[in-house]
Amino acid sequence: MTHSKHPPVSLAWIVWGLAACLYLFGFFQRVAPGVMTSELSLEFGLTAAALGNLSAFYFYSYVAMQIPTGILADVWGPRRLLITGALVSSLGSLLFAFATDASTAGLGRLLIGASVSVAFVCMLKLANHWFLPRQFALVTGMALFIGVIGAVFAGVPLHLAVEAWGWRSVMALAAVFPVVVALGIFLLVRNDPSEKGYASHVSHEPPADNRPWKHAMLGLIEVFRYRNTWLLTIVPGGIVGSVLAFSGLWGVPFLHTHHAMSEADAAAVCSALLITLAISSPICGALSDRIGRRKPIYVVGCGIVALGWSLVVLFPAMEHSLLIGLLLVTGCASGSMIVSFAFAKESVPARQAGTVSGVVNMGVMMGPMILQPAIGWMLDRNWQGEMLEGIKIYGLPAYQAGFALMAAWTLASFLLILFTKETARTE
């Protein structure tokens, strides 16, 4: 049967929005350990390196699932994949909430990362089917805003909730949310508007591949033949990794210990860093489209980011207002990383656009996966033996050593972006 009427915009947003709810939950869980560092360290007897590793378990599975997720979205369809992801993320949250040791808590984080990793790819696939092509950039740009809402809830609101009810109760309660999302997806989400009697915005889609895993491997080999793929996989990892390592784990204890901020105020600063990233990302993308070039925006952004984190390392005890202003400027400049996806897609044959996007997204998430535990390791190496109520206290030199890893990677990002080849129009 041929349908002539496209779905109403309100229905399209509901379908996409339910997938976005899982993405929001993923962002919430991504940065939640940042306001629970004291509780987790005390509960499981963790060193800084062990705490960083516990938080990074989320990223280990998230990164590993990027390529399989793209294939599963084609084979299963986004609806089925989203329902499965939501239910598994609830299980992971419960496992984390009731963990009796660090290993079980790590397994919970591992399940959460693997399950919520499906959200972004499924959002893109649903957007392709449910929205007009000219709306695709707007819809994908909204994804980061939705994610940051989750990160904001994992800031001051989560801190207050943990103080009131304890971290285990709050994490257990949070596990209810993805179950509700899964129910909503089951009732309302369909892979294509034609399943609800409307015309699809995809006029033709290739038949399902009967050997998707083999073709995925061949695609990976092909995209890595292009220099830009390598560079655009490494560069955003340093930018996003630094933002998430600071705002998602080490920023709150640093600001609380060495800048006399309350934990709530420190969490608010870290949330603001994420918000500036979210606001600036679509602006950087739109500006890149407007001037018709990718590289200039990215070079300037990387330069500011490298300078910003270098100043944090060199002057960690700077005055409060200067430090907050510097963090916000660095967060704004970090939004330039959004150009990575358009830049990479234009660097390879069109048939490999999806594969290279998955590769770049893996690079993005490898940043926090590596930096969070690495900074913890540096903190432990430079610990001077100070403790308070059973929790290790790290001095400014320890934080300088740890944050130097962020500065080093962002400086490398700035140097590497100079070697990329421009792809957009240059007239």
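Eleven residues of helix H19 are named here as buried: Ala 398, Tyr 399, Ala 401, Gly 402, Phe 403, Met 406, Ala 407, Trp 409, Thr 410, Ser 413 and Ile 417. The model is predicted.

**Helix H19**

- Helix H19 covers residues 396-417, 22 residues in total.
- From its first C-alpha to its last, H19 reaches 31 Å, close to the 32 Å expected at 1.5 Å a residue.
- H19 has a kink of about 25°, and the kink is centred on Phe 403.

**Helix H7**

- Helix H7 runs over residues 118-130 and has 13 residues.
- Its reach from first C-alpha to last is 18 Å, close to the 18 Å expected at 1.5 Å a residue.
- Of the 13 residues of H7, 11 are buried, so the helix is largely enclosed by the rest of the structure.
- The buried residues of H7 include Phe 120, Cys 122, Met 123, His 129 and Trp 130.

**Aromatic pairs**

- The count of aromatic pairs comes to 18, with ring centres within 6.5 Å as the cut-off.
- Phe 25 and Phe 28 form a stacked pair, because their ring centres are 6.4 Å apart and their planes stand at 20°, where planes under 30 degrees apart count as stacked.
- Both residues of this pair, Phe 25 and Phe 28, lie in helix H1 (residues 9-31), 3 residues apart, which is about one turn of the helix.
- Phe 25 and Phe 28 are both buried.
- Phe 44 and Trp 167 make an edge-to-face pair, with 6.0 Å from centre to centre and 70° between the planes.
- Phe 44 is in helix H2 (residues 37-44) and Trp 167 is in helix H10 (residues 167-174), so this pair ties together parts that are 123 residues apart in sequence.
- Phe 44 has a relative accessible area of 14% and is buried, and Trp 167 is buried at 6%.

**Charges over rings**

- Arg 80 lies over the face of Trp 76, 4.4 Å from the ring centre.
- Lys 392 has its charged end over the ring of Trp 383, at 4.3 Å from the centre of that ring.

**Two buried serines**

- Ser 41 is in helix H2 and is buried, with a relative accessible area of 12%.
- The side chain of Ser 41 reaches the backbone oxygen of Thr 37 at 2.7 Å.
- Beyond its neighbours within four places in sequence, Ser 41 is in contact with Leu 46 and Leu 51.
- Ser 271 lies in helix H14 (residues 263-291) and counts as buried at 9% relative accessibility.
- Leaving out neighbours within four places in sequence, Ser 271 is in contact with Ala 151, Val 152 and Gly 155.

- His 258 lies in helix H13 and counts as partly exposed, at 25% relative accessibility.
- A polar atom of the His 258 side chain lies 2.6 Å from the backbone oxygen of Tyr 394.
- Setting aside neighbours within four places in sequence, His 258 is in contact with Tyr 394, Gly 395, Leu 396 and Tyr 399.
- The C-alpha atoms of His 258 and Leu 132 are separated by 50 Å, and these residues are 126 residues apart along the chain.
- Ala 260 is in the loop between helix H13 (227-258) and H14, and at 71% relative accessibility it counts as exposed.
- Phi of Ala 260 is near 55°, a positive value in a residue other than glycine.
- Most residues other than glycine have a negative phi.

**Leu 328**

- Leu 328 lies in helix H16 (residues 320-334) and counts as partly exposed at 29% relative accessibility.
- Apart from neighbours within four places in sequence, Leu 328 is in contact with Ala 272, Leu 273 and Thr 276.
- The C-alpha atoms of Leu 328 and Leu 274 are separated by 8.8 Å, although the two are 54 residues apart along the chain.

Definitions and conventions. Residues are numbered from 1 along each chain as its sequence is written. This is a predicted model: local features need pLDDT of at least 70, side-chain atom pairs count only at pLDDT 80 or more; totals for chains, interfaces and linings use all residues. Side-chain values use heavy atoms; hydrogens and water are left out. Rings of Phe, Tyr and Trp (its six-membered ring) pair if their centres lie within 6.5 Å; planes under 30 degrees apart count as stacked, over 60 as edge-to-face and the rest as tilted. Helices (H or I, at least four residues) and strands (E, at least two) are DSSP runs, numbered from the N terminus. Buried means under 20% relative accessible area, exposed over 50%, partly exposed in between (1.4 Å probe, protein chains only). A charge sits over a ring if NZ of Lys or CZ of Arg is within 6 Å of the ring centre and within 35 degrees of the ring normal. The expected span of a helix is 1.5 Å times one less than its number of residues. The bend at a residue is the angle between axes fitted to the seven residues ending there and the seven starting there. A polar contact is a pair of N or O atoms within 3.5 Å; within protein, one must be able to donate a hydrogen and the other to accept it, and residues adjacent in sequence count only if both atoms are side-chain atoms. Contact means heavy atoms within 4.5 Å.
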